[in-house]
Amino acid sequence: MDELRSMWGNTRMVVLSAIAAALYAAVLVPFKVVPFIPGVTELRPANAIPVVCSFMFGPAAAWGAAIGNMIGDFFGGVGPADIFGFFANLVYGYVPYKVWQVLAKGEEPVIRSPLTLVKYVIACLLASAFCADIVGWGENLLALRPFLMLGNAIVFNNMLAAMLLSPFLLAAIYPRVKAGHLLYQDVMPDRPQRRRGTAALGLVLLAAGVAGAWVTGNLISTGYWTPHALPASMTQPPYDRAIAIVVTPLVALAALGLELM
Amino acid sequence: MPIYLYLDRRTFIHRLHPTVKILTIIGIFWSVYWVDNPVSLLPLGLLLLAGAQLTRAWPNFYSLRWLFILVIFATTVTWIIFYRQGKPLLHLGPLFVSRASLEYGLGRGIKLAELLATSVLFLSTTKVEEFAFGLAEMGVPYRVGFAITLAFRLVPLFIDSALTVVQAQSLRGYDFNRGGLITRVRRYVPVTVPVFMGALRKANNMAMALEARGFGYSARPTSYVHYEMRPFDFAMLLGVALLGAAYFLIYYTGYGAIAPR
Amino acid sequence: MKTAMESQRAIDAGAAGEPAGEAAALEGVSFRFRIGAHPALENIHFRQRVGEMVGIMGAAGTGKSSLARCLNAIIPGFEYGQFKGRVTVLGRAVDGARVCEMAPAVGMVFQDFEAQLFSTNVAHEVAFAMEQVGLPPAEIRRRLGPALEAVGLAGFQDRDPTSLSGGEKQRLAIASVLAVEPAVIAFDEPTTDLDPEGRAEVFDLIRRLRGRGLSLLIIEHETEEMRQCDRILILRDGRIAAEGPPHRILADTRLMNQCGIRPPGINLVLAELGIDAYAASVDEAEALIRRSLGLPADFKVEAAQTAGIRSAAFQPPSSPQAPPLVEIDHLTHVYGGQVRALDEVSLRIDAGEFVAIIGQNGSGKTTLAKHIVGLLKPSAGRVLLGGRERAAMQPAQAAAMVGYVFQNPDHQIFAGTVGDEVAFGPRNFGLDAGEIQRRCDRVLKAVGLESMRGQDPFLLGRGERQRLAVASVLALQPRLLILDEPTTGLDYPQQRRMMDLIADLNRAGTAIVIITHTPWLVAEYARRAVLMRKGRKLFDGAVRDLFAQEELLASAAFRVPEVTALSRRFGMVALTAAELAGALRGAG
């Protein structure tokens, strides 16, 4: 994840992160008037943008998603959980590019065959779920909202946008950005690469952590299951301490996987 | 188009030191964290209402009224359902209502509304550049702060551009609201692509103009703005510290908890 | 490299010591972008003295910007490619410097003012470059006021740059550059995106900067503004095609035509009359013509000479039986409950007309046009298309009556190929495939893009994208085509091509309305003009009649073309150089 730091040395990357952020926020803000209603899924077209940017701008898209989400929060009001929203979006804008590097290095993220589609779905699913894990885990940690309520709606909304809208945008925009030499690999050609084996291990850890956090977060927040080892005081709503003990290591595992990729 | 909440009123709260404003927010988040029952949240609520009066920020509260109502309502209902504790007043299948769950749910609703109000007050009284200054004071690197400010500047630009594109396409027979979900999603493409490409066309020019202005000349550019701490800033910090202590005390003495378990 | 203060000292020293010091020099510079088959610059030799004002002209893509960008190392430090040659600024080699290191020595103002403002507050914007080069806060505060004063923005410190007009934004960008006190300032088409007032503001400012002894490099399309230069360079295909003082370069109308530059109208008149001399103003041109043709001081062109011109003029519509294409009846539009953008405007447009709507920014031109196409709803009054209420029409019916081409073609282009872009409108309206195909063929041919049907529109040049935008609106076969500033950002050959295309469409039967700021376009192409001011219609009639009313035009800040101003001295209203020369030849 060193590139999340080193990209700031490149002026084009700084500008791209600001542009990615502003594009994200420019679509978020007008839709902000319709607030998030639990259980009701709406199409949030803005959620397609971090994914599109991720495949093109890598780390700049990650920061763009985080900053863009923050600007959206500025419009609708910020809360302590928005610090989790910041990191959740950072991940949402970063993971698709990272996973693509491991699964489909050198391929264009324009879906032309069933195999590319599968890789694309994996990349988006991991990004969406990791993003949801962080928000659900964080909000439940502060006992603001249950994991179940946010976690699932976020996965669903993100995937809806990433599957229905992003591919069309990528098909239209990616080849042109490539022709304009603005892809991450053109803007910063000399960046260190991970060994293939390490990166693959990272992907496995990421997937395990993301899936584990999602399953346990859902189970615990609904009260269906808590580890027997936990004292009774922790197995009561709002389950914030149970979440802290069980889900936190899984989120950390996913982050470690990302670091290795 | 005014998309940000800032109101140019120049009250004494507007003139607070940016860092003090950020610390005040953190203080309020801290205070809210410790208590659960609605009554103990009331004093803070009154303080926030007083703040709205003093900063003359009512227009913002009015324009976000539905957000407030929804946040309180949705959160209360969710937690009533999830918080299955105490003697049931009503138990119908999955629906479980007790005095404790009512109190807890209402407490959560008020808590989130208060967090939202805090941020609305902050945004009504703080300019983007003050926020950036505050971030820098708290150790956020220069270039990250710069990207945030730049993104804030670009959002209205991109929204304007999107509105123009919608007009241009509508004259070519483009109908935003026709068709089912998938058709509608595809209908974002003719709007999003021009906005995206327009933004990316700017990216190179912006990076060029930035470097031409000396961006990168010094790793730590000087800052000509400087905010002095004034007596009122110290008074505010003292007030926030007292508030935080008081709420911790409420928690410690057990008055902040939900009455009968 | 040096800090801003050091470079300032260097300039002071240079100014005091050697008056003829060298501000900048390019020796044998060649550059080729990594994309692009042709070199952007080829073996350029160029020297600029301290305090000299040099103008660079040439068609689009001839290397003007590239030349300027060598001075502050954007080439080759930021734009990658093959670079050869040597660049010095104030006697020091730029060799290998980073762009940011050049900021204290060379300031640069770009065309796109939105892409060079980075702050949310005017004072911060001016401070920005000073902060970057590490000036101490006290020094920044000291320079802030004078910099804003120099560009006429004193008192704007706390404003949000978004709330400024185009001209103000560009002056703000200049203030930010000025505050660093660079030795050389390069202006890369600083007024291309501005309205006439914004242009005047910026060029007034450039004139004042010149008075302060700064070395200036100015890239510009319009020749009138370049007369104040000490020297003009004309570029063609990356090479210097000509170089010399304005009186030599601007008098050579043939050279300018060859290099894709519009020659000044008054010099064209002189050339047509065979007068081999240079005029820098209407006054000088008048004196030259009177002297050369031996015309007495009270000479006026006789009515007989202008009779032919008169008859070709605009005829008021004379077929009241057929319903007009557009009928606007006491239309009022109020924005946000207070600003009266349109105030009881009535207007009638008939089939086959060619109308220019002119007026300052904010006079209601675009609002009026948007009402015709139905993008706005009247606050009062009504709009009829072909005798039917606009509000009651289906989108498809309205689109077949009137089409609207937005100012920026990039606000509508999105498709993967030129062909798909054109077909988008017809497909939306559910036409069958055969008909769509026929329409695409026809309109692509009309705009000269038939060979590019399969190409990606985003990779086309600006002029081609503008023509594509026209084609995609034409595909809906409107009887009236409205174009909002169709020549913005185009060079002279592209402007000509665009306007000739519009004139062809008009001859083929499409009625045309153009919204424009460019006086010579109105003079040479439109037959009827509508002058707007503060939401009211000030004038509606023949272009020639409008151009005769100097006071009226002055009240709306519209300047007639210099040719027309010159013709008024001889008692006539000529719209083109050929017209005036013809009338004078007949008299002389």
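User: What area do domain 1 and domain 2 of chain C bury between them?
Analyst: In this predicted model, domain 1 of chain C and domain 2 of chain C bury about 850 Å² between them. Carbon and sulfur atoms carry 56% of that.

User: Which residues of domain 1 of chain C lose the most area there?
Analyst: Asp195(C), Pro196(C) and Glu197(C). Together they make up 38% of what the domain 1 side buries against domain 2 of chain C.

User: How many salt bridges across that interface?
Analyst: The rule finds 0 salt bridges between domain 1 of chain C and domain 2 of chain C. There are 3 residue pairs in polar contact, both residues at pLDDT 80 or more. By class, the side of domain 1 of chain C that touches domain 2 has 4 nonpolar, 4 polar and 3 charged residues.

User: Where are the domain bounds in chain C?
Analyst: The domain assignment gives 51-73 + 98-261 for domain 1 and 326-557 for domain 2. Their centres, over C-alpha atoms, are 32 Å apart.

User: Switching to chain A and chain C. How many residues does each put into the contact?
Analyst: Chain A puts in 5 residues and chain C 12. The two chains bury about 740 Å² between them, with 47% on carbon and sulfur atoms.

User: Which residues of chain A lose the most area?
Analyst: Arg12(A), Arg176(A) and His181(A), together 76% of what the chain A side buries.

User: And which side chains meet in a salt bridge?
Analyst: Arg176(A) and Asp456(C), at 2.9 Å, N to O. Of the chain A residues touching chain C, 3 are charged, 1 is polar and 1 is nonpolar.

Conventions: Residues numbered from 1 in each chain as written. Chains lettered and ligands numbered in written order. Predicted model: local features only at pLDDT ≥ 70, side-chain atom pairs only at ≥ 80, totals over all residues. Heavy atoms only, no water. Domains from an automatic or database assignment. Buried area = accessible area lost by both parts, 1.4 Å probe. Salt bridge = Lys/Arg side-chain N within 4 Å of Asp/Glu carboxyl O. Polar contact = N/O pair within 3.5 Å; in protein donor to acceptor, adjacent residues only side chain to side chain. Nonpolar A, V, L, I, M, F, W, Y, C, P; charged D, E, K, R; others polar. Contact = heavy atoms within 4.5 Å.
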